[in-house]
Amino acid sequence: MFKAASTRLLVAALLAAASLLHGPQAIAAESWTVAQLMQALGKHRSGQATFLERKYLAVLDQPVESSGELRFQAPDRLEKITLKPRPESLILEGNNLSVTRGKKQFNVRLSDYGEVAGFIDSIRATLAGDRDTLERTYALHLAGNAERWTLTLLPRDTRMAEVITRINIAGTRGLLREIEILQADGDRSVMDIVAMGQAR
Amino acid sequence: MTRRFVPALLLWLAFVAACVAVVSQTRFTADLSAFLPEAPTAEQRVLVEQLRDGMVSRLLLVGIEGSDAAQRARLSRDLAGKLRADAAFGMVANGEPVHRERDHALLFTHRYVLSPAVSAERFTTTGLRQAIAESVDLLASPLGMLTKTLLPRDPTGELLQLLERLDGGARPAMQEGVWASRDGRRALLLVQTRASGSDLDGQQAAIASLGNAFAGEASKLPSGADLKLLVSGAAVFAVDSRSTIEGEVTRLALVSTAIIVALLLFIYRSPTALVLGLLPVVSGALAGIVAVSLGFGVMHGVTLGFGTTLIGEAVDYAIYLFVQSGPAKGCDGRNAFWPTIRLGVMTSICGFGALMFSGFPGLAQLGLYSIAGLIVAALVTRYILPHLLPAGFAIRDVTPLGLRLQRLVVAAGRLRWFLAGLAALCGALVFAQHDRVWNHELGALSPVPPAAQAVDAALRSDLGAPDLRYMIVVHAADADTALQRAESVSAQLQALVDAGEIGGYESPSLYLPSQTRQLERRAALPDPRELRERLATATAGLPLPASRLAPFIDDISTARARAPLTRADLDGTSFAMAVDSLLLRQGERWTALLPLRAPAAGAHAKEINPAAVRRALQGAASASPMFIDMKGESGRLYAGYLREAITLSLAGVAAIVALLAIALRSPRRVMHVLLPLAAAVLTVVAGLVLAGVALTILHLVGLLLIVAVGSNYALFFDGRGGNDAPPPATLASMLFANLTTVAGFGVLAFSSVPVLQAIGGTVGPGALLALVFAAAFARTSSCPVPGIPAR
């Protein structure tokens, strides 16, 4: 079972395959609405999970795989600690994104990067159950039921749509299981998320 | 007129004509350089050059206040657009990514001569494999989003090497797509003027067009009237100071002239006497300007401001002449006061003479101006003026006033012990507070009002504008050598960055490597056939097959044929301005500046350890780098000034004492002359301390001038060493002379220019006190006033 909170994390490069089990055109089950989902997500104040991410890139013969841990702390702290293939830590807190890779550290203000900001912020907003923020950047489509739902995010901003076609987030109640990001150039990434321990 | 007089008159007329000729050719300046030192050390010279011409002097910090964030952002964009089209401005930054694409294109095109990672090893099979594997791994990271499309052309990740290096340093917050203050109440822009700090007219014009552009763009917005422009920066300070100083000098000269003329009319009751009395002043002022003009080449407005005090002092001689040689005195009296005046002029010269050795240009000019002015004024009074007096010339009889003054002197004498006690008390107070008496900040001399400094600090902090506290400077005879030296220093600095001792550094060689370095890197690139073979081996087992890397091979062969990057190639990118502000041509010499940034976090957060930097620089000793702590340097500079001013003042006092000892030939008489002066000085210092004023070197100079000017009064009271009180006419003339001096200096006390205010506020009250103390401490045993018992 995935602790939602734990899974709520994320970031720019997440992704996941599969999904599309429930297309955006699917009609949200009457018993599971976006409002309910957001409420369920918002209940988890913190969480920790492991992730396994695969990126399928046209330029490479094989997908690149990375794995590590995800941590979320409401309202706005998200950490993605990659252990393989190279240690890297990515910490998003408030408006600041800092990436540490080897001896190098990059500090970026999210708001300096319009498109990417909307993207990263939306993932965090999903984890936090912040519907207003999500709706500002994306059209939301929910399919499935409480036990097995898929939330599809379609960018509203055309510049962002030039980079990201669609984000599919799958989960069970207040927990995320998988995030798939489809990029406009055909590349995609799939991130499987497995919650660790119980968190609250 | 006597026959002997004719040559003197002709000489004087010729002198005045020559002076007028020189004055008409004199250059006057009102910029801040009067406040900057003739720097004695190489480090201080860099500091001063930076303040005058460096990038600091060209940066304008701009804030837009009022209305709402959207309107401010819109105006920020409109204004920036307008300024970018204006040739008066170089860089105009407001957070919009105007240069980003061209910057990246330039970096990408020239990546193989720019990237520090390029070396022969990197293009061996092993080196390539390692670099490519790293790039592939990077694709797993979010950063990979930036690099994946470039991978076939740049599989070794050189662009990322370059981007990494550019990142860093504090950047302003963003709001609505443009820079904003942290509290979100201002939009911010950073603008560089093309005119350097030494071209004040150019900067003034640029600031004016900034204001016009703002007004023009704001009026197009519905809420334009609510939006307010804030501009700060060294250029604004310099331009404002100049207009303040110009305005002040004119105003001060008019006011003190008006006061003195009114005073003289009141005393003389004769327009003829007034005109004649001003002759020595005008001659002296002309001589002073000529002396400064010939001695320094240029005259500071501040010197002219100080010079108004000369009016107050030089007019005294004529007063002594007219009053003390009136018809009532007969011919004997005419010459009786000359020895005293001569001694007074010489003590003043000793005081001002000390200033001539100051490293502070404003003071050195003041010294020369005053000495030349006083000598000429005294000579004109002595040798020209008496002959110009019309027959039967007389001013009103001041004897009744003099007699009243005599009674006052006697009354003051009874207060002697009270006044002595007061002076002693003041001395004790000054001694008790001696730690807090001096102001140790160079900024204390700055003519910039505190409110303007506060706005500047707020904008600067929000913009994260470089404070440029620490920098390394290298010099060379040509640009490329300067770049090479910057490169060898950079290598040492990079080690410090890796060790966490410093957060980062800037160098012109990061944007424009020396030709030598570029050719070295170019020579490290293998030819296409060789590269193709190495890639085949290097990519074995990697998910990126060599077959996808044809664009890489093409780019390498293009790079091998491309001419090295030059400064002209940088036009249109943000690197052009960076190189121009870091690589400077000064005459026949080129200077490269490498500012250091403190680490943002870690063991040495926000601090740079100068010792560590100096140690590291030993590794680049052949480039003869200079490590400069601008703040420390300006502190040392001021401390040097203060020490120098103390030394000079003491030397001036010593010279005055020696002069008095020789002239008076009596230690007791010397003491008698010096005591009232010391009392006046202590009382003035105590007054300033009580008023909460921290003393600067200008106050110190003022104290010296109290001694120089006040010695005249003490000498008159000393008389011929006997116990005679000065005759009534002498007393009256002293009062008049004192009033004109107090008026001359006192007017300066109301100036908004700190250096003028400091001198005026010290000498004005000091001169008055010197007279009072001299009167009170005078020996009045043969008091001519009945009813007062002899001592």
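A crossing of two helices is called right-handed if the near helix is turned clockwise from the far one, and left-handed if the near helix is turned anticlockwise from the far one by less than a right angle. Keep that in mind for this predicted model, where α28(B) and α29(B) cross in the right-handed way.

Two packed helices are described by the angle between their axes and the distance between the axes.

| Helix pair | Crossing angle | Axis distance |
|---|---|---|
| α28(B) and α29(B) | roughly 140° | within 8 Å |
| α23(B) and α24(B) | about 145° | 10 Å |
| α1(B) and α12(B) | roughly 50° | within 9 Å |

Let's start with α28(B), which covers residues 667–690, and α29(B), which covers residues 697–718; their axes cross at roughly 140°. That angle makes α28(B) oblique to α29(B). On the α28(B) side, the residues that meet the partner include Val673(B), Leu677(B), Val681(B) and Leu688(B). Across from them, α29(B) brings in residues including Leu703(B), Ile706(B), Gly710(B) and Leu715(B). Sorted by class, this contact has 13 nonpolar, three polar and two charged residues.

Next come α23(B), residues 528–538, and α24(B), residues 550–561, packed at about 145°. α23(B) passes α24(B) in a right-handed crossing. From α23(B), the residues in the contact are Pro528(B), Leu531(B), Arg532(B) and Leu535(B), and they meet Phe552(B), Ile553(B), Ile556(B), Ser557(B) and Arg560(B) of α24(B).

Which residues does α1(B) use to touch α12(B)? First, the geometry: α1(B) spans residues 5–25, α12(B) spans residues 271–296, and the axes cross at roughly 50°. That makes α1(B) oblique to α12(B). The crossing of α1(B) past α12(B) is left-handed. As for the residues, α1(B) puts in Trp12(B), Phe15(B), Val16(B), Cys19(B), Val20(B), Val22(B) and Val23(B), while α12(B) answers with a set including Leu279(B), Ser283(B), Leu286(B) and Val290(B). This contact counts 13 nonpolar, two polar and no charged residues.

**Where the chains meet**

Now for the place where chain A and chain B come together. Chain A puts 33 residues into the contact and chain B puts in 25. Between them the two chains bury about 2600 Å², and 55% of that is on carbon and sulfur atoms.

Side chains of opposite charge can pair when their charged atoms come close. How many salt bridges run between chain A and chain B? The count is five. The side chains of Arg86(A) and Asp137(B) form a salt bridge, at 2.6 Å from N to O.

**Salt bridges overall**

Over all chains, the structure holds 33 salt bridges. One of them joins Arg77(B) and Glu96(B), with 3.8 Å from N to O. This pair ties together distant parts of the chain, 19 residues apart: Arg77(B) sits in helix α4 (residues 69–84) of chain B, and Glu96(B) in the loop between β3 (89–93) and α5 (100–109) of chain B.

Most residues other than glycine have a negative phi, and most peptide bonds are trans. Two spots here go the other way. The peptide bond from Lys84(A) to Pro85(A) is cis, with omega near 0°, and Pro85(A) lies in the loop between β3 (77–84) and β4 (88–93) of chain A. Over in chain B, Ser67(B) has a positive phi of about 50° without being a glycine. You'll find Ser67(B) in the loop between β2 (59–65) and α4 of chain B.

Technical notes
Residues are numbered from 1 along each chain as its sequence is written. Chains are lettered from A and ligands numbered from 1 in the order in which they are written. This is a predicted model: local features need pLDDT of at least 70, side-chain atom pairs count only at pLDDT 80 or more; totals for chains, interfaces and linings use all residues. Side-chain values use heavy atoms; hydrogens and water are left out. Axes are lines fitted to C-alpha atoms, for helices over the stretch in contact, and angles run from 0 to 180 degrees between N-to-C directions. Helices (H or I, at least four residues) and strands (E, at least two) are DSSP runs, numbered from the N terminus. Angles under 35 degrees count as roughly parallel, over 145 as roughly antiparallel, 65 to 115 as roughly perpendicular and the rest as oblique. Contact means heavy atoms within 4.5 Å. Ala, Val, Leu, Ile, Met, Phe, Trp, Tyr, Cys and Pro count as nonpolar, Asp, Glu, Lys and Arg as charged, and the others, Gly among them, as polar. Buried area is the accessible area (1.4 Å probe) that two parts lose on being put together, summed over both. A salt bridge is a side-chain nitrogen of Lys or Arg within 4 Å of a carboxyl oxygen of Asp or Glu.
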